[in-house]
Amino acid sequence: MSVDWRVQLYQSVGSTQSLVHEASHAGAAEGYVIQALMQETGKGRHGNQWESPIGNLYMSALLRPDCAVQRAGELGFVIVVALSAALDDYIDQTKHIKKLKWPNDILIDGLKVCGILLESNLHKNELESVVVGMGMNIFKAPDLAVALNDIAQEPVYVNKVRDNILDKLSYYYSLWQEKGFAPIREAWLNQAHGVDEPMTARLPTISHKGIFKGIDERGALIL
């Protein structure tokens, strides 16, 4: 079952994530999307600011999955797998190496091309909605990152990339709802970066070092 995406495009906003949260609380249906050409206060993980110069893709989407709160974290892998699939249409993988880095980054030749932010809204301990923030470097990239236009094998247009991402997200979101986490986990592990290598898992208040062994059947890190 495909998602009925409804995109609102803005020249500039504070944060697409904040606006979709507001829409969620106001009762917006699943599939509501806000895209901005620029963000003044873009949000990253752990409260970090996401640099948002004009020329890249910044959007947040509203999902209302019918699942237990404990499964909401699986959606992060659903989103990343969908983003990766959308990139396949642009990248010649005989020339470039694309990998998925735990928990939510996509690397091309070891450089970050995009990232996501998932935030859940609860009501009486029930999952009411999930706001999915997605940022992709299309024409501009910060240090130690890469822009899609610099490596793409065909012309890149921001809104075409957006539509491709939403199409892939609809597919993998439906697959997750119908078949569970197993096919998503398999797709993610097939592209995972750094398996059997040392890694540091940085959490909001503590870091853990170990050998990365993948993710388990619930999406939890195996370190």
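## A helix across the sheet

In this predicted model, helix H2 (residues 74-87) lies across strands S3 (57-63), S4, S5 (105-108), S6 and S7. Helix H2 runs at about 145° to S6; axes are lines fitted to C-alpha atoms, for helices over the stretch in contact (heavy atoms within 4.5 Å), and angles run from 0 to 180 degrees between N-to-C directions. Helices (H or I, at least four residues) and strands (E, at least two) are DSSP runs, numbered from the N terminus.

## The sheet

An open sheet of 7 strands has the order S1-S2-S3-S7-S6-S5-S4, with mixed pairing; two strands pair if DSSP finds at least two bridges between them. Strands S1 (6-13) and S4 (98-101) stand at the edges with a single partner strand each, so one side of each has no neighbour in the sheet. From one strand to the next, the twist averages 20°.

Strands S6 (residues 111-123) and S7 (residues 126-136) pair in the antiparallel sense over 10 bridges. Ser120 stands opposite Val130 in S7.

## The chain as a whole

The chain has 4 helices and 9 strands. The C-alpha trace spans about 45 × 40 × 35 Å along its principal axes.

## Basis of the values

Residues are numbered from 1 along each chain as its sequence is written, and side-chain values use heavy atoms, leaving out hydrogens and water. Local features need pLDDT of at least 70 and side-chain atom pairs count only at pLDDT 80 or more, whereas totals for chains, interfaces and linings use all residues.
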